[in-house]
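Hello,

Here is the structure we spoke about. Please look through it first; my notes follow below.

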Amino acid sequence: MAKTRSFQSMCPMNCHPTLCGMTVTVKDGQLASIAGDVTNPDSQGFLCMRGRAAHEILGNDRRLLKPLVRSRRGSDQWSETSWDAALDQIANKMQSVGREAVGLWQGHGNWANDYAFGLKRAQMDRFANLYGCQYWNPAMICWGLGGFGAGITGAIETSTKEDLGENSQMVILWGANTVSQANTLRHVEMAKRRGARIVVIDVRRTEASALADDVIIVKPGSDAALALAMMHVIIADQSWSASFVDAHTTGFAALKAHVAAMTPDWAETLTGVPASRVVALARAYAATRPAMIVMGGSSLHKGDNTWQAARAITCLPALTGDYGRPGGGMGPRHGGRSHGAGFVDLSAADRRKPGHYIPNQMEAILTALETGTVKVFVSLGSNVSSSFPDTNRMRAALEKAELVVAYDIFANQYIREAADIVLPGTIWLEEIGAKSTNTYIHLTDQALPAAGDARPVYDLYKGLAKRLAVDDVYPWADQAEAMDAALDHPATGHTSVEALRANGGRVALKVSHVAYPTYDFATPTGKIEFSSSRAADMGIPALPMPVDFGGTKDGLILAHGRTFGHFHSFYDHAQALPTLAAREDQADLWIAPQDAAYRGILDADPIELSNARGSFNARAKVTPRIPKGTVWIRDGWPGLNTLTDATSVLPLAALDAFAFSVGQSSYHARIEVRSLRNAGEANL
Ligand code: SF4
């Protein structure tokens, strides 16, 4: 008789802060079905096409199931080996180069059943701290710069989607497309049904625009200028909240003087937004209480100094007195947390072995590889070959490493080009884990045995620690016991794996739905800082500043973002999952009709994107949904970052301002585009 069991799990992609629940049915030890979990309070049964495509991970003939080694990089000649032999080889090399010449990097793929719970992250960090090797905080590649800008103002915490849906009278989706916040969207729709005004600000007409009462298209990088001009209008109109500004902010006089010349006309030249619309937006925002700004997590902050967008935008709710007010302030943001959220940190950071450590900065990592300071590079669930800027530089830097190791579930560009050893990882259904939204912690119980020789990532640390004689790396009997240690926190009500199982797989976090309910802001003064002496001490401007990408320079400004068909480099950029690969079989570049016509480009033409750093082939999507001068492309295509700039955004003095890392490179790119239609040279 067939034995059927159902498990509550979570989608193995990481659309934080929402994340979607799934019900997994296993029949006779095989996956029978995946469906949206209707009991999940965050996602309420929703699964997007990426979540539904997750069943294609199972039984996929591209899956990595054996440890592999090769003697020559770039060749396709891999040999199967054992975990023991692979770990011996890695540990021997680590010993021969010395611990400070070993670097560990982990990415989203390593947290498919761990995102925002962070235990697997902490376990890698724990190994690195106790052993004494290099590791870097990967927030630098994602939301770190946005968090930095918000943090300098003092507004890192975010209010929840539930607060937005119930209380906001105006919602500004600022650089926040909803393809990565599907469950926030439901609450935006709820607010709209109540009569809330929805405004979308972005560099193109995104999917979220369909919901908007007002869509404002800005030039890439000019968001700070728009926010500063809004402050100019609010101050000139005397419509700021004097009581909030007096009680909870510092630097208002300096801000007032600073924005005096930042008029709507001034902003029009930088943003491309007509001055009259800047005035109307500022007045509507100042007049509507409460208003919540949902700020983009990552793409908004890719470009020279675009952290200033977050710095300037987070000043707005302080002018209107919206922080601490239900329905006001800053809404859900990737990487953001609710007031009171947290888990026990098991990374043993206080026991980090003394050593010479390379800063949390992309430029520093590249240089360390280039100079041979790092000789062994281990990547877990990531593809640095595509996700780091200036691909050619990263490729050359990895070439210099003496040993390059990958732990993953599908081969990707990094593995194909650079790796010497590949270790096969378990997928989200083959191990126990947990994922956290801003309101719940959700258990993802093991539903299936590991396929082939796939193993959970902590077996890698345990195996290396044993060979390198590093104590206390994994002091738990199993992963459930480690989870219990991390869950033993006031925010979870000191829950445990067993308690989660008994409670239907989740508990509500003991958090405030409203950020900063006690007005204790995360700055040295404890207030919102319009002017920041901490920033000045780091050598960056004390006041929020506009960023000018230079509208008169040659070339088109390349903007990046997310689509429904992928999530970062997961599953070899989604190309390993047939449903997603069929939907997006190649890179489409959005280009305005005027820019296309000027270059003789027709819709669907094969095209070449190029600049002094390199080139990348794509297909033209000629559309009026993007303005002249800007082009847009889905991020993460292998080779796309050949075009982007690896110059550091923030100085070293700024890197340790917060617990997360902010050492992102600019990723700025101006490009030219030409049609390959008649060239007979398309090579897509
Ligand atoms: S929105 Fe994100 S978390 Fe939800 S199903 Fe889709 S990919 Fe998964």
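How many helices and strands are there in the protein? There are 24 helices and 26 strands, where helices (H or I, at least four residues) and strands (E, at least two) are DSSP runs numbered from the N terminus. The protein is as compact as a globular protein of 684 residues, because its radius of gyration is 24 Å, close to the 26 Å of the globule rule. That radius is taken over C-alpha atoms, and the rule is 2.2 Å times the number of residues to the power 0.38.

Two points on reading this. Residues are numbered from 1 along each chain as its sequence is written. The model is predicted: local features need pLDDT of at least 70, side-chain atom pairs count only at pLDDT 80 or more, and totals for chains, interfaces and linings use all residues.

Of the 684 residues, 57% count as buried (20 or more other C-beta atoms within 10 Å of a residue's own, with C-beta atoms placed from the backbone). The largest nonpolar core has 219 residues; such a core is a set of buried Ala, Val, Leu, Ile, Met, Phe, Trp, Tyr and Cys residues joined through C-beta atoms within 7 Å. Helix H7 (residues 223–236) gives the most to this core, with 11 residues. Among the residues with the most contacts inside the core are Met230, Met231 and Leu589. Leu589 touches Ile607, Leu609 and Val631, among others, not counting residues up to four places away in sequence; contact means C-beta atoms, placed from the backbone, within 7 Å.

Regards

Technical notes
A residue is buried if 20 or more other C-beta atoms lie within 10 Å of its own, exposed if 12 or fewer, and partly exposed in between; C-beta atoms are placed from the backbone. Two residues are in contact if their C-beta atoms, placed from the backbone, lie within 7 Å.
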